[in-house]
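Here are a few notes for your review.

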Amino acid sequence: MGALMAEDDIYIGPFFDLFNLRFGPEQSESEFTAGGMSEIKALQDEFEMFQNGRPFVDSAKLLGLGGLHNNRAKNRWFTLLKWLARVPSDQDGETGDQRIVNALIKNLARKSPLPCFMKAHDSRDRNGDGLRVVVREDKPIFYIERTYLTISLPMAPNVPPEGKGKKKKKSKK
């Protein structure tokens, strides 16, 4: 996301994938049904990974949601998640960080929590969700007919400074 992720913007999709797989519907085709939301619910019940007052970024670190392969990208991703404490949300009186934590706590307290899906929206769109974290129950994946708790983070493209990234024209002599 712009200045926070810089040239590591390409890793944003895989970071979302880590969250979406970890918090997604469990795969029930094997003898082991632990995984996805049922595993996250069991971990929450046992260890209370998500708590009021604990930043979302700390729980994300605990769950390994920064990946293993690129420390610079992981650290930038965690900086972005920390930044959510300064971003408003769609809920009055809650920052983006608080909104995510509170929504996850509430969802995980259900007998059958919804799977969760994290994505981004364009923060420049003032007629849409804009510069705020948005959490809603919807069907974010058109080819999966299932309701999710969807968490949408505000992001904007990384725009290089004027002239940077453009090839210089060779002058003819």
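This is a predicted model: local features need pLDDT of at least 70, side-chain atom pairs count only at pLDDT 80 or more; totals for chains, interfaces and linings use all residues.

1. In H3, five names make up the buried list: Gly 36, Met 37, Ile 40, Lys 41 and Gln 44. Viewed down the axis of H3, these buried residues fall within an arc of 130°, so they line one face of the helix.

2. What do the buried residues of H3 pack against? Their partners are helix H2 (12–22), helix H6 (96–108) and strand S1 (116–122). On the other side of H3, Asp 45, Glu 46 and Phe 47 are exposed.

3. The length of H3 checks out. The helix covers residues 36–47, which is 12 residues. At 1.5 Å a residue it should span 16 Å, and its end C-alpha atoms are 16 Å apart, so the two values agree.

4. Look also at what comes after H3. Glu 48 follows the helix, and its phi is positive, near 50°.

5. Now the loop. Gly 66 sits between helix H4 (56–62) and helix H5 (71–83). Is Gly 66 buried or exposed? Its relative accessibility is 4%, so it counts as buried; the cut-off for buried is under 20%.

6. Which residues touch Gly 66, leaving aside its neighbours within four places in sequence? The contacts are Phe 15, Leu 18, Lys 74, Trp 77 and Phe 78. Take Phe 78: Gly 66 and Phe 78 are 12 residues apart in sequence, and their C-alpha atoms are 7.2 Å apart in space.

Methods. Residues are numbered from 1 along each chain as its sequence is written. Side-chain values use heavy atoms; hydrogens and water are left out. Helices (H or I, at least four residues) and strands (E, at least two) are DSSP runs, numbered from the N terminus. The expected span of a helix is 1.5 Å times one less than its number of residues. Buried means under 20% relative accessible area, exposed over 50%, partly exposed in between (1.4 Å probe, protein chains only). The arc is that of the directions from the helix axis to the C-beta atoms. Contact means heavy atoms within 4.5 Å.
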